[in-house]
Amino acid sequence: MHPEVAVIGAGLSVLTLAISLHRQGLSCKIYELRDPSVKTSGALMLSPNALRILGTLGIYDRLRPQGYNFETLEFKKHEQVTTDEYYLGNEKLYGFKALRIYRQTLLTELRAEARTLQIPITYGVKFSHVISEDEIGVSFAFTNGARGSADLLVGVDGIHLTVRKYLASNVDPKYSRQVAITCALPTNKLEFPQHISREDFHMPVANHAKNGAFVMAPQNVDGSELLTGTQRAWPEQDRAGWDALLADRERLLALFKYGYETWPSIVIWPYYVVPKLDSWSSSNKRVIILGDAAHAIPPTAGQGFSQGFEDAFTFAALLPRVDSKLPLDKALNEWKEMRQERVDKVIELTTQLKNARLPQTMREELAATGKSV
């Protein structure tokens, strides 16, 4: 099958899907919500499964020297005793170390690759609705009145992506009652106890105490900038409420760490998940969703972006194999089931790691009830 694919959304997986489709010899065009002049902040962690895809697409070698390469996340008790370690990457086991890199750096490289491949991108358009769909194709509209059409429409990323409403109008993201609160600061501003030297303190690390876990992770090439963060229970807010909390520096500082009023660039990240969907495609199989739109995963295990990349790469590999023996409806159903099984395992791991970072009283409550947050 060699359809023309329209890719709608905002995020790294949008570009990854378009590049993957092009590598499969498929025609595609991107409709991107954000203008390219808008810069994105923060960094993300890419694990070997995502890096292997980026390597196949010819991008990894450009990314590796621009980020912080590491293998393990250590878990420490309050007394700085190492209790466990988790392999986020390992060259011998997986072929890649993990890579923490600025989002803007990754976005810049993906956009450069899309330009090299001459993939058409329309910026600054917001999807409105599907006008019509049949067994041949789909037509759709944007909020500015523009229209488009394609053989397939794929909505990528965005936990609140409007395309999903066309497939499952009654499904809304579910708030986990937890927020991540983080800041970035120079590593040389850290103060270590006298009995611990900077050279002996391995990072990234999750320090566990009675009030929860505090994570520290280098996020640039030489490790001179550090992400520090924790998670807190917090009631759900509407968009205005989240914006108000983000703007309330004193309140954020109180949530983050009492007394550290000089720490910069504090942000919040509400943890939302998407309830498991029966299908990731419409009845005519001409509208498909993937990435966060289909299965938002909290970032605790560093697999949110990685699973979006897996969705994009495997979906692009699927389409050329569609024929009379493997019709589109059967192919999409089997692909969704394969990906859902994979995502379910990742969510289980993410939940375990997230629960391990909770305050001691909440961990004891979960152990007693057998529930998870």
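The protein folds into 12 helices and 18 strands; helices (H or I, at least four residues) and strands (E, at least two) are DSSP runs, numbered from the N terminus. The model is predicted, with local features needing pLDDT of at least 70 and side-chain atom pairs counting only at pLDDT 80 or more, while totals for chains, interfaces and linings use all residues. Residues are numbered from 1 along each chain as its sequence is written, and side-chain values use heavy atoms, with hydrogens and water left out.

Of the 373 residues in the protein, 53% are buried. Here buried means under 20% relative accessible area, exposed over 50%, and partly exposed in between (1.4 Å probe, protein chains only). The accessible surface comes to about 18,000 Å², and carbon and sulfur atoms hold 50% of that surface; the areas come from the Shrake-Rupley method with a 1.4 Å probe, and for residues only the protein chains shown count as cover. Among contacts (heavy atoms within 4.5 Å) with a separation of 6 or more, 68% join residues 24 or more positions apart.

Helix H8 (residues 249-256) gives a handy example of burial, with Leu252, Leu253, Leu255 and Phe256 buried. These residues cover an arc of only 160° around the axis, which puts them on the same side of H8; the arc is that of the directions from the helix axis to the C-beta atoms.

Next come the charged pairs. Side chains of opposite charge can pair when their charged atoms come close. The whole structure contains 12 salt bridges, each a side-chain nitrogen of Lys or Arg within 4 Å of a carboxyl oxygen of Asp or Glu. One of them joins Glu4 and Lys29, whose closest N and O atoms are 3.8 Å apart. Glu4 lies in the segment before strand S1 (5-9) and Lys29 in strand S2 (residues 28-32), so the pair ties together parts 25 residues apart in sequence.

Another salt bridge links Lys276 with Asp344, at 3.0 Å between the closest N and O atoms. Lys276 sits in the loop between strands S17 (267-273) and S18 (287-290) and Asp344 in helix H11 (residues 328-356), so this pair connects parts 68 residues apart in sequence. Lys276 is exposed at 56% relative accessibility, whereas Asp344 is partly exposed at 28%.

Arg339 and Glu310 also meet in a salt bridge (2.8 Å, N to O). Arg339 belongs to helix H11 and Glu310 to helix H10 (residues 304-318), 29 residues apart. Arg339 is buried, with a relative accessible area of 2%, and Glu310 is buried at 10%.
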